[in-house]
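Take a look at the model below.

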Amino acid sequence: MTDPSSLPSPRPPAPGSEPAVQASAAPTATTVEDFRRNLAAVRARIDAAAHAADRNPAEIRLLPVSKTVPEERLRAAHAAGITQMGENKVQEAKRKATNLADLGIHWALIGHLQTNKAKDVAAFADEFQALDSLRLAEALDRRLQAAGRGLDVYVQVNSSGEASKFGLEPDAVADFLAALPVYSSLRVRGLMTLAAHTDDAERVRECFRIMRTLRDAGLQAGTVGDGQLSMGMSGDFELAIAGGSTCVRVGQAIFGARPTPDSLYWPTNGA
Ligand SMILES: *Cc1c(COP(=O)(O)O)cnc(C)c1O
């Protein structure tokens, strides 16, 4: 097992060398040992970023994102200690939750959801991080009430201003949060975002600043639960931790490069 303290700590690339924000995929993990190694490396980077920001690493949750990864490999990931998994698409998540039910995994749905899929989510998901409309809140609440369940939710915000990203506009967040308490099966935990997809670190930092400001306003108003901030992916989680993230959603740095393009999950620039 790799000793996390022996891993090189990340350092910012020299200006003009590598992009500040990059995909940083690990070699594809297949065996339990592979997963242990990749997990330890990511956890070490999280801890280093937390220390650099004067934060307690224990307050940063690592949510491994398992989309596109087949179930046999997820069994190995689970054996290596991964007990929660994030999935972007509801059909894929539902299939995995069914076929891996014996593992007791905590399933977080982190992708945009159509109202007509609310029933599926209410049936299997432990958490939903992409709430972005009251219609969806209502549909989820109705299904959850019928099932006698509650669901942890994060409100997704479009912090980048990119027309391609899902989520509420920042100036709509306060009213949206204030309207959620009537949906009593939804337990509001915080806010979620995808930062700008760019190698301009300053633009990425600005996304995280917007999120933190919205979260702090929500805490003041008492509308954002315990004020979690789900932000940061394989390419930008260190910047996100510096910006106050309490949940990083990391796929490729743990599982390896994905065979599918990001445009399958959110429209990308130029797409
Ligand atoms: C895929 C995905 C991630 C993880 O992206 P990586 O680049 O694999 O770390 C994070 N958040 C959402 C919403 C995703 O769909």
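Q: Is Thr68 buried, partly exposed or exposed?
A: This is a predicted model: local features need pLDDT of at least 70, side-chain atom pairs count only at pLDDT 80 or more, and totals for chains, interfaces and linings use all residues. Residues are numbered from 1 along each chain as its sequence is written. A residue is buried with 20 or more other C-beta atoms within 10 Å of its own, exposed with 12 or fewer, and partly exposed in between; C-beta atoms are placed from the backbone. Thr68 has 19 other C-beta atoms within 10 Å, so Thr68 is partly exposed.

Q: Where is Thr68 found?
A: Helices (H or I, at least four residues) and strands (E, at least two) are DSSP runs, numbered from the N terminus. Thr68 has a positive phi, near 75°. Its place is the loop between β1 and α2 (71-79).

Q: What is phi of Asp54 near?
A: Most residues other than glycine have a negative phi. Asp54 is not glycine, yet its phi is positive, near 60°.

Q: Is Asp54 buried or exposed?
A: Asp54 sits in the loop between α1 (32-52) and β1 (61-64). It has 7 C-beta neighbours inside 10 Å, so Asp54 counts as exposed.

Q: Which residue follows α5?
A: Its phi is positive, near 65°. The residue is Gly148.
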